[in-house]
Amino acid sequence: MKIYTAAEMREHEQMAVDKGTTFEQLMENAGRAAAADLLRRRPQAGRVLIVCGKSNNGGDGLVMARILQAHGWRADILFAAGEKLSELAELNRGRLQGLDGIGLIAAEDLAGRLKTGYDVIIEGIFGTGFSGALPETATAVCRLLNQADGFKIALDVPTGLNCDTGEADKDTFRADLTYAFAAYKPAHMTDAGKAYCGETVCLDIGIE
């Protein structure tokens, strides 16, 4: 079992790139691996809400949106940290242009949309990059998501949970399933972390 801190994860990502892959390919691998596992669990297409941050964790969610759409799912996407995205996340947002069944929703519309019901809610706001207290915008989103129905999935680490220490903000996203990319993180092994992560599955994305 591999367990990497956030800093160690960045080192191993760089090592993989140095050996010939790209950060773009690693994001594609992460999103595809997570989507493949979800499709095994939920072979019947449904409605999914994907809540993205502006960084690469959100980019993983955008890759998932494209894969799920290709399998007949309808995906709503919320950008919870503003419209300005990292370069790779922006690249994958662009790949969604013109696809049927992909919709964008605004934060102020989230409460109403959640009442219509989603089969699956995927959260990719911060991932391993979070520390400290949640910003007010993320707090409001996580509170609504935690109250909503639907099977809840976190990408790498639930937003609000410190990847290295296991410390959790009181409004940390509560997942039924967490996809750990390449390696488990220290927080996945703590009692507090397990309470927020639910089941944790480690996915191979091409990083040693």
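Predicted model: local features only at pLDDT ≥ 70, side-chain atom pairs only at ≥ 80, totals over all residues.
## A parallel sheet and its helices

Seven strands make it up, it's open, and they run in the order β3-β2-β1-β4-β5-β6-β7 with parallel pairing. At the edges sit β3 (102-105) and β7 (199-203), each of which pairs on one side only. On average, neighbouring strands in this sheet are turned by 20° against each other, direction ignored.

Zoom in on β6 (residues 177-181), which pairs with β5 (residues 151-155) in the parallel sense over three bridges. Across that pairing, Tyr 179 in β6 stands opposite Leu 155. With β7, strand β6 also pairs in the parallel sense, this time over five bridges, and Ala 180 has Cys 202 in β7 as its bridge partner.

How enclosed is β6 by the rest of the structure? Largely, because five of its five residues are buried. Leu 177, Tyr 179 and Phe 181 point one way from the strand, Thr 178 and Ala 180 point the other way, and all of them are buried.

Next, the helices. Helix α2 (residues 23-41) lies across β4 (120-124), β5, β6 and β7, and runs at about 145° to β6.

Helix α3 is largely enclosed by the rest of the structure, since 13 of its 15 residues are buried. After α3 comes Gly 72, with a positive phi near 95°.

| Helix | Length | Span | Expected span |
|---|---|---|---|
| α2 (23-41) | 19 residues | 27 Å | 27 Å |
| α3 (56-70) | 15 residues | 21 Å | 21 Å |

So what about the nonpolar packing? The largest nonpolar core has 41 residues, and Ile 122 and Tyr 179 touch the most other members. Helix α2 gives the most to this core, with eight residues. A second, separate core has 20 residues, among them Leu 114, Ala 138, Val 141 and Ala 154.

Which residues is Ile 122 in contact with, leaving aside its neighbours within four places in sequence? The list is Leu 38, Val 48, Leu 49, Ile 50, Val 51, Met 64, Leu 68, Ile 153 and Leu 155.

Finally, a look at Lys 115, in helix α5 (residues 110-116). Is Lys 115 buried or exposed? Its relative accessibility is 74%, so it counts as exposed. Ser 131 is 16 residues away from Lys 115 along the chain, and the C-alpha atoms of the two are separated by 30 Å.

Note on methods:
Residues numbered from 1 in each chain as written. Heavy atoms only, no water. Pairing = 2+ DSSP bridges. Helix = DSSP H or I, 4+ residues; strand = E, 2+ residues; numbered from the N terminus. Axes fitted to C-alpha atoms, helices over the stretch in contact; angles between N-to-C directions. Contact = heavy atoms within 4.5 Å. Expected span 1.5 Å × (residues − 1). Core = buried A, V, L, I, M, F, W, Y, C linked by side-chain atoms within 4.5 Å. Buried < 20%, exposed > 50% of the residue type's maximum accessible area, 1.4 Å probe, protein only.
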